[in-house]
Amino acid sequence: MADAPPTGQRYEQFARLEARGSSELYEQWAMEISRDTEVLELIDGLPRNKRQPNLVLSAARSRGADDGPYSAFRTFLKDHWSGIRDVILSRSTQTNEPRRCAVLLPVLAGIARSEGRPLALIEVGASAGLCLYPDRYAYRYDGGAVINGQGRRDLVLECRTTGNPPLPRAVPDIIHRTGVDLNPLDPGNPEDLAWLDALIWPGMEDRRRLLRAAAAEAARTPAEVVRGDLNDEVAGLIEAAPPEAAVVVFHTAVLAYLPEADREVFRDTMSGHLNVPGRPVHWLANEGQGVVPGFEAPSGEMAPGLFVLHHNGTPVARTGPHGQSLDWLS
């Protein structure tokens with residue numbers, strides 16, 4: 001990640017702005033790490049792009065660290081650092097949260113309706129591809145009626161809304177789904193699933209249940225996820241999509257891990273594919289505010305930790321990072 005702050009500050013910000021209110025244990029661990037000289041020295045021995053809190057904490061838990069007080073976690077981290085370091089170097093933060101489909105669904109349904117076509121989905125940073133199946137999940141907004149998909153009726157994604165979003169009555173028709181990732185994960189592979197499970201923060205058992213149900217659904221008919229760099233692959237994936245479909249390229253919490261120069265390349269690539277006559281292509285970027293260079297920020301205050309959902313560069317909503325909330329802007 002470009003222009004990252006010092007490691008101690010990075011962990012303090014993670015505790016205060018991201019973990020607080022979401023995972024009490026991660027808030028405690030990250031805050032303690034932010035002022036623990038010995039542990040910071042271990043983390044600073046990693047490559048710069050491998051020091052992010054979620055990766056380090058998840059790697060430790062994947063190696064057996066208990067969800068307990070920081071003193072015990074610190075001891076485990078120091079005693080097992082060699083193995084934890086191996087996981088950090090071989091893995092990456094590939095959180096694959098299917099509930100993010102709940103904040104994408106109103107826009108996806110609106111695109112299908114306005115274009116009068118089925119959709120071809122292309123996910124950038126697809127991980128195991130669990131967000132490529134918005135038509136397979138069921139949805140409930142604000143505790144209301146369930147919008148059923150074409151898959152398991154028990155896989156219901158809950159989402160709180162404000163601002164009167166255009167909630168659909170049905171899921172859109174999706175005829176093509178593919179993606180790109182530096183290291184694609186297989187939803188049917190137990191080791192890959194265990195890593196995705198380790199990436200879920202302590203105290204979020206509902207996310208763990210959804211992960212396993214969504215992975216089982218995706219494993220029935222796995223989407224093709226190409227191994228490669230997004231800037232090398234996305235144009236080819238767009239061209240390979242069925243001509244009768246409206247193409248939607250989307251991503252969530254992905255571009256923040258790229259240097260700014262690479263983000264600019266991706267922005268320019270995507271901008272060049274929009275508004276091409278006879279070839280409808282749409283771009284949904286669900287990222288932290290300011291992550292996509294040149295994108296307009298929403299008006300008003302922005303609560304810490306929220307994302308901004310942009311459609312073709314225009315902000316349409318503020319969203320919870322795990323799809324738990326949708327604040328519509330217009």
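Reader: Where is Ser127 found, and why is Ser127 called buried or exposed?

Author: Ser127 is found in the loop between β1 (119–124) and β2; strands here are DSSP E runs of at least two residues, and helices are H or I runs of at least four, numbered from the N terminus. Buried means under 20% relative accessible area, exposed over 50%, partly exposed in between (1.4 Å probe, protein chains only). Ser127 has 1% relative accessibility, so Ser127 counts as buried. This is a predicted model, where local features need pLDDT of at least 70, side-chain atom pairs count only at pLDDT 80 or more, and totals for chains, interfaces and linings use all residues. Residues are numbered from 1 along each chain as its sequence is written, and side-chain values use heavy atoms, leaving out hydrogens and water.

Reader: What about Asp142, buried, partly exposed or exposed?

Author: Asp142 lies in the loop between β2 and β3 (146–147). Its relative accessible area is 47%, so Asp142 is partly exposed. Asp142 also has a positive phi of about 55° although it is not a glycine.

Reader: What makes β2 and β4 a pair?

Author: Two strands pair if DSSP finds at least two bridges between them. Four bridges join β2 (residues 138–141) to β4 (residues 156–162), and the two run parallel. In β4, Val156 is the bridge partner of Ala138.

Reader: Why are α1 and α4 called roughly perpendicular?

Author: Angles of 65 to 115 degrees count as roughly perpendicular, under 35 as roughly parallel, over 145 as roughly antiparallel and the rest as oblique. The axes of α1 (residues 7–19) and α4 (residues 53–62) cross at roughly 80°, so the two helices are roughly perpendicular to each other.

Key:
Axes are lines fitted to C-alpha atoms, for helices over the stretch in contact, and angles run from 0 to 180 degrees between N-to-C directions.
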